[in-house]
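Student: I'm new to this one, could you walk me through it? I'll just ask things as they come up.

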Amino acid sequence: MANSLAFVITLTLFCGLVVGSSRTVLFSVQSQNGMAAALAPSARDGVCASMIEPHDYICEEHMVTTEDGYILSLQRIPVGRSGGTRGKRPPVLLQHGLLMDGITWLLLPPDQSLAFILADNGFDVWIANTRGTKYSRGHVSLSPDDPAYWDWTWDELVTYDLPATFQYVHDQAGQNLHYVGHSLGTLMALAAFSKSQLVNSLRSAALLCPIAYVGQMSSPLARNAATNFLAEALHWLGLNEFDPRGEAVVKLLKIICNKPGVDCTDLLTSFTGQNCCLNSSIVDVFLSHEPQSTATKNMIHISQIIREGTIAMYDYDDDEKNREHYGQTSPPVYNMTSIPNDLPLFLSYGGADALSDLNDVQLLLDSLKDHEGDKLVKQYRADYAHADYVMSANAKQDVYDPLIAFFRLQ
């Protein structure tokens with residue numbers, strides 16, 4: 001049991017720390033046009049009711065449907081705990097990482113959690129939940145029991161989820177927005193920006209533990225999972241949903257602990273790096289909500305970019321299939337040098353981070369070398385690892401206060 005729990009912690013931290021909740025039962029009804037529509041969790045079971053309203057904040061539950069039919073939930077904290085005027089506050093969209101959901105930004109007490117801090121500092125806060133997580137398991141015609149529901153990777157998060165949530169927040173707020181991504185949430189944004197998507201409705205973006213290039217990722221657990229084709233094995237077994245709590249995933253991951261050079265004594269540290277500033281109680285809070293599912297195909301895609309060291313679209317490992325999808329035999333690359341040079345960016349990265357490795361971050365910074373000087377703010381925390389950015393008791397003063405100061409200048 002202890003080993004299984006440790007693996008749950010490890011998997012949940014892969015490319016992003018966030019918090020969700022145990023899964024809800026999915027019901028479906030027949031809509032007027034004959035399509036099956038998945039119902040959202042009831043208001044009693046939502047993020048607002050469970051994580052935000054108990055702290056005396058106003059919270060709204062919103063739903064948005066992507067162009068390819070996935071129904072995503074968004075939570076809005078329109079004002080701070082002390083109240084204030086709605087509608088004129090600058091909106092901020094918070095995007096979690098892989099195997100997590102929007103509760104990432106709500107794990108700590110209100111005076112330490114970024115979502116609450118932003119609301120109390122005059123921002124209109126929106127919290128995203130990507131497809132496949134507890135609160136975003138709906139679809140206009142598919143059930144999560146259908147293999148087709150899980151036929152996606154982070155390419156689709158870039159193409160569909162992020163634009164849908166951006167457009168919805170922009171329309172609701174009536175103004176351009178700020179963006180905060182953690183880990184995989186940074187890759188989604190960078191990939192979109194590289195194609196000049198979203199930038200016309202964006203004020204600025206803060207990228208915490210930036211994940212773009214990952215070919216030099218130093219985490220032995222993550223690297224072994226990628227190089228041993230763990231996700232491909234699960235897909236071959238017919239597991240389309242990558243459920244970190246599932247028996248098959250835990251069983252296969254245990255194999256990694258027997259690999260040379262992998263020390264599973266402290267899985268959290270060997271996966272994320274040595275986090276400097278986590279209170280012991282935060283892990284219990286974390287495990288009461290996470291991890292969340294993703295598509296096994298998505299895990300394969302992430303493994304591909306670790307192995308190849310490139311930021312490319314999903315490789316079907318077949319020239320004809322690639323040609324069918326992309327018009328060429330190899331998947332297209334997201335070109336980081338194409339990110340607009342005048343886009344305001346705040347990048348914060350840690351010296352102890354084993355997932356967002358310093359060498360990989362430097363490759364990203366090299367790609368941004370022509371960025372306008374006053375539009376790129378870099379923050380380096382020598383003592384921070386991957387989990388510190390969303391679970392550290394010190395993150396407010398170390399990271400969030402400078403982040404808010406950056407937003408105020410845009």
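Tutor: Let me begin with a term: helices (H or I, at least four residues) and strands (E, at least two) are DSSP runs, numbered from the N terminus. This is a predicted model, in which local features need pLDDT of at least 70 and side-chain atom pairs count only at pLDDT 80 or more, while totals for chains, interfaces and linings use all residues. Residues are numbered from 1 along each chain as its sequence is written, and side-chain values use heavy atoms, with hydrogens and water left out.

Student: Okay, how many helices and strands does the protein chain have?

Tutor: The protein chain has 15 helices and 13 strands.

Student: And which helices each supply at least two residues of the lining of the largest pocket?

Tutor: Those are helix H7 (230–236) and helix H11 (296–308), and H11 gives the most, with six residues. A pocket here is an open set of points on a 1 Å grid over the protein atoms alone, with protein on both sides within 12 Å along at least five of seven lines, whereas a cavity is a set where a 1.4 Å probe fits but cannot get out; lining residues have an atom within 4 Å of a point.

Student: What volume does the largest pocket have, and which residues lie nearest its centre?

Tutor: Its volume is about 470 Å³, where grid points are joined across faces, edges and corners and the volume is the space filled by probe spheres set on the points. Of the 23 residues that line the largest pocket, Ile300, Gln304, Tyr314, Asp315 and Tyr316 lie nearest its centre. By class, the lining has eleven nonpolar, four polar and eight charged residues, with Ala, Val, Leu, Ile, Met, Phe, Trp, Tyr, Cys and Pro counted as nonpolar, Asp, Glu, Lys and Arg as charged, and the others, Gly among them, as polar.

Student: Switching topic: what share of the residues is buried?

Tutor: Of the 410 residues in the protein chain, 57% are buried, meaning under 20% relative accessible area, with exposed over 50% and partly exposed in between (1.4 Å probe, protein chains only).

Student: How many residues of H5 are buried?

Tutor: Eleven of the eleven residues in H5 are buried, including Leu184, Met188 and Phe193. Just after H5, Ser196 takes a positive phi of about 60°.

Student: And which residues of H13 are buried?

Tutor: In helix H13 (residues 358–367) they are Asp360, Val361, Leu364, Leu365 and Ser367. They cover an arc of only 155° around the axis, so they sit on the same side of H13; the arc is that of the directions from the helix axis to the C-beta atoms. Their cover includes helix H5 (184–194), strand E12 (345–350) and strand E13 (376–381).

Student: Last one: where is Pro78, and is it buried or exposed?

Tutor: Pro78 lies in the loop between strand E4 (70–77) and strand E5 (91–95), and at 3% relative accessibility Pro78 counts as buried. Leaving aside neighbours within four places in sequence, Pro78 is in contact (heavy atoms within 4.5 Å) with Ile58, Glu60, Arg86, Arg89, Phe123 and Asp124.
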